[in-house]
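Thanks, everyone, for making time this morning.

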Amino acid sequence: DQDTKTSFVSSLDIDLKTIWAKSFESTEGTEVVDLGTDSWGYPCILLGLAGNSISGSGLNAYSAQGDSDLMVLKLDQTNGNIIWQKPIASSGQDSGIKIATDKFGMILIGANIESPFSIDGKTTTQGNQFLFKVESDYWGKPSFKMVENLDLKEGHFFQQTVQAVSPSFVR
């Protein structure tokens, strides 16, 4: 279908043979903005979506909240199945910048999000550039532990200290 846009990620072995490939589709457009791997080898993906996810496309059902939304996903490294997915969305145009992981399982996401928006029951009403900190609990369920407004202004030098350190834990 010409109206469907697809992006994909894949896992390759040392001989560059495909272990698995996973595609993501939405009605208006889909983009893998960035990806990383956590310290246990699980792929973490920052996905940009325009429109609703398409059933059977690899994503769990998702209805768009704005012109474009973001989705954070963690995949099983053995088969590419989604372990969890978490939306980041406002009623406007949202775009991802970067995803980073640390050795403690924390995921940091940089994004441009139109205010206001709500995430995990917390509403943010000011700002446009944000740093999100996502952590998994003991059972692997993700939650947003921090939403930091970076307050970036064109033509101004940016210097802001952001506390985003995770305590170590046994897994």
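**Charged pairs and strand pairing**

What we have on the screen is a predicted model, and the structure holds three salt bridges. Let me take them one at a time.

One of them joins Lys 98 to Asp 34, whose closest N and O atoms are 3.4 Å apart, and it connects distant parts of the chain, since Lys 98 sits in strand 7 and Asp 34 in strand 3, 64 residues apart.

Another is formed by the side chains of Asp 38 and Lys 74, at 2.9 Å from N to O. Here Asp 38 belongs to the loop between strand 3 and strand 4, and Lys 74 to strand 5, residues 69-75, so this pair ties together parts that are 36 residues apart in sequence. Asp 38 is buried, at 5% relative accessible area, and Lys 74 is buried, also at 5%.

There is also the salt bridge between Lys 133 and Glu 135, with 3.5 Å from N to O, and both of these residues are buried.

Now, which residue is buried yet has no salt bridge? That is Asp 102, for which the nearest side chain of opposite charge, Lys 133, is 7.6 Å away. Asp 102 is found in the loop between strand 7, residues 95-101, and strand 8, residues 107-112, and a polar atom of its side chain lies 2.9 Å from the backbone nitrogen of Met 106.

Strand 7 and strand 8 are paired over six bridges, with Ser 95 standing opposite Asn 112 of strand 8.

Finally, strand 3, residues 29-37, and strand 4, residues 43-50, run antiparallel and are joined by eight bridges, one of which pairs Thr 37 with Pro 43. They form a hairpin with five residues between them, and in its turn Gly 41 has a positive phi of about 90 degrees.

Technical notes. Residues numbered from 1 in each chain as written. Predicted model: local features only at pLDDT ≥ 70, side-chain atom pairs only at ≥ 80, totals over all residues. Heavy atoms only, no water. Helix = DSSP H or I, 4+ residues; strand = E, 2+ residues; numbered from the N terminus. Buried < 20%, exposed > 50% of the residue type's maximum accessible area, 1.4 Å probe, protein only. Lys, Arg positive; Asp, Glu negative; His and termini not counted. Salt bridge = Lys/Arg side-chain N within 4 Å of Asp/Glu carboxyl O. Polar contact = N/O pair within 3.5 Å; in protein donor to acceptor, adjacent residues only side chain to side chain. Pairing = 2+ DSSP bridges.
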